[in-house]
Amino acid sequence: MPNNLLITGGAGFIGSHFVLRHCASFAEDKVVVLDKLTYAGNPDYLKSVEREIEFVKGDIADTKLVEKIVKDHKIQSIVNFAAETHVDRSIEDPFPFLHTNVLGVQSLIDVCRKNPGTRLLHISTDEVYGDLSDEDLPKKTTDPLRPSSPYAASKAAGDMLVLAAIRTYGIDAAISRCTNNFGPHQAAEKFIPTVIRTASADQPVPIYAEGKNKRDWLYVTDHTDAIEIILKADWSGDRIFNVSADDEKRNIDVAKMILKILGKPETLLKSVKDRPGHDWRYALDSSGVRNLGWKPKVSFGEGVRKTVEWY
Ligand SMILES: NC(=O)c1ccc[n+]([C@@H]2O[C@H](COP(=O)([O-])OP(=O)(O)OC[C@H]3O[C@@H](n4cnc5c(N)ncnc54)[C@H](O)[C@@H]3O)[C@@H](O)[C@H]2O)c1
């Protein structure tokens with residue numbers, strides 16, 4: 001059965017990979033992309049499919065616009081990648097994060113509430129679970145949310161609104177929470193692009209504190225594979241899916257690996273003042289999506305090489 005899809009934030013990093021993947025695998029589906037084109041969005045990422053999709057520049061918080069798209073195109077599923085995503089920016093100014101990650105999500109919920117044939121898959125983050133120590137077990141979908149940054153708090157609020165709407169209005173929705181993604185198309189200010197950009201220009205590579213914080217890395221196309229599986233899954237369970245490749249690495253080790261690929265010296269690494277409220281570690285128990293048959297295909301080393309090549 002063809003599916004009419006609204007992909008919000010589809011010109012961003014993960015969203016653009018999802019659009020490309022979906023168009024390649026499900027040519028019979030209608031795909032509408034709604035994106036505000038902030039600094040993180042780039043319509044060029046969608047050039048190869050521009051004839052296959054409809055692109056609308058706009059804001060997910062504009063409920064009338066979202067509802068018009070849903071009605072005009074008989075949208076059956078909304079996949080929401082639209083978000084303000086950079087933790088450091090959220091520390092400087094949380095308000096744009098509240099606009100998109102909270103009010104924008106409520107706007108999508110409202111449209112689903114008024115159009116019961118439309119379901120919502122909301123993309124969220126491991127950061128909603130908050131900081132883990134080295135001894136903590138990976139977070140389960142039933143664990144409480146303890147966000148540390150304004151970004152993570154805004155994402156947790158969006159998740160809570162989705163869960164509340166499932167219970168109160170009976171909307172058909174699910175949430176997918178993933179670990180740190182990497183790959184082509186990511187905004188230049190994020191960690192891996194920053195290391196590649198600065199090292200390539202023989203500039204100091206900034207590393208927060210001693211770089212010992214750990215992140216769990218997921219190659220972006222492995223993530224989009226998981227989203228396709230979740231989109232087609234039965235959502236009558238706990239409706240939250242964690243997605244993780246279980247590949248934890250210290251930031252300093254990631255930076256050193258990229259320097260090695262680029263043939264640059266480790267003397268470029270420069271410790272900078274730590275991020276306020278910096279979480280030490282994130283880790284997820286992703287047994288739910290793995291039980292549906294998903295597993296990552298791209299190793300960290302292969303993914304980093306592809307990413308360096310692309311930048
Ligand atoms: N990148 C990661 O490592 C990561 C990790 C965990 C979770 N996530 C989540 O995945 C989703 C996608 O992340 P990403 O890294 O691709 O983000 P991104 O910042 O690269 O892209 C976000 C996209 O959303 C668009 N956008 C922003 N505000 C909008 C609005 N109000 N209306 C319409 N479009 C808007 C931007 O123009 C951009 O194209 C986000 O929800 C994020 O929280 C990302």
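With 23 C-beta neighbours inside 10 Å, His185 counts as buried; the term applies where 20 or more other C-beta atoms lie within 10 Å of a residue's own, whereas exposed means 12 or fewer and partly exposed covers the range in between, with C-beta atoms placed from the backbone. The model is predicted, and local features therefore need pLDDT of at least 70 and side-chain atom pairs count only at pLDDT 80 or more, while totals for chains, interfaces and linings use all residues. Residues are numbered from 1 along each chain as its sequence is written.

His185 is placed in the loop between S7 and helix H6 (191-200); helices (H or I, at least four residues) and strands (E, at least two) are DSSP runs, numbered from the N terminus. The phi angle of His185 is near 85 degrees, a positive value in a residue other than glycine. Leu37 also has a positive phi without being glycine, near 55 degrees. This residue, Leu37, belongs to the loop between S2 and strand S3 (53-57). Leu37 is partly exposed, with 13 other C-beta atoms within 10 Å.

The ligand is surrounded by 31 residues, of which Gly9, Gly12, Phe13, Ala40 and Gly41 are the closest. A residue is taken as near the molecule if its C-beta atom, placed from the backbone, lies within 6 Å of it. At least two residues of this shell come from each of helix H1 (13-25), strand S2 (30-35), helix H4 (95-114), strand S5 (119-125) and strand S7 (180-182). H1 provides the largest share, three residues. By residue class, the shell holds 14 nonpolar, 12 polar and five charged residues. In this classification Ala, Val, Leu, Ile, Met, Phe, Trp, Tyr, Cys and Pro count as nonpolar, Asp, Glu, Lys and Arg as charged, and the others, Gly among them, as polar.

Strand S7 also pairs with S9, in the parallel sense and over three bridges; pairing requires that DSSP finds at least two bridges between two strands. Within S9, Leu218 stands opposite Asn181. Arg215 has Lys249 in S11 as its bridge partner. Five of the six residues of S9 (residues 214-219) are buried, so the strand is largely enclosed by the rest of the structure.

Helix H4 has 20 residues and spans 27 Å from its first C-alpha to its last, close to the expected 28 Å at 1.5 Å a residue. The expected span of a helix is 1.5 Å times one less than its number of residues. H4 bends by about 25 degrees at Gly104, the bend being the angle between axes fitted to the seven residues ending at a position and the seven starting there. Gly104 is itself among the buried residues of H4, which also include Phe97, Thr100, Asn101, Leu108 and Cys112. An α-helix has 3.6 residues a turn, so residues three or four places apart point the same way. The buried residues of H4 are covered by elements including helix H2 (63-72), strand S4 (77-80), helix H3 (87-92), S5, helix H5 (150-169) and strand S6 (173-178).

Helix H7 has 13 residues and reaches 19 Å between its first and last C-alpha atoms, close to the 18 Å expected at 1.5 Å a residue. Its buried residues include Val220, His223, Ala226, Ile227 and Ile230. Ala226 has 25 other C-beta atoms within 10 Å. Beyond neighbours within four places in sequence, Ala226 is in contact with Val243, Val289 and Trp294; contact means that two C-beta atoms, placed from the backbone, lie within 7 Å.

Val243, in strand S10 (residues 240-243), is likewise buried, with 26 C-beta neighbours inside 10 Å. With neighbours within four places in sequence left aside, the contacts of Val243 include Ser176, Arg177 and Cys178, as well as Leu218, His223 and Ala226. The C-alpha atoms of Val243 and Asp159 are 15 Å apart in space, and the two residues are 84 residues apart in sequence.

Gly303 is located in helix H10 (residues 300-310) and counts as buried, with 24 C-beta neighbours inside 10 Å. Apart from neighbours within four places in sequence, Gly303 is in contact with Phe182, Gly183, Tyr219 and Val298. Gly303 and Trp217, 86 residues apart in sequence, are 9.7 Å apart in space, C-alpha to C-alpha.
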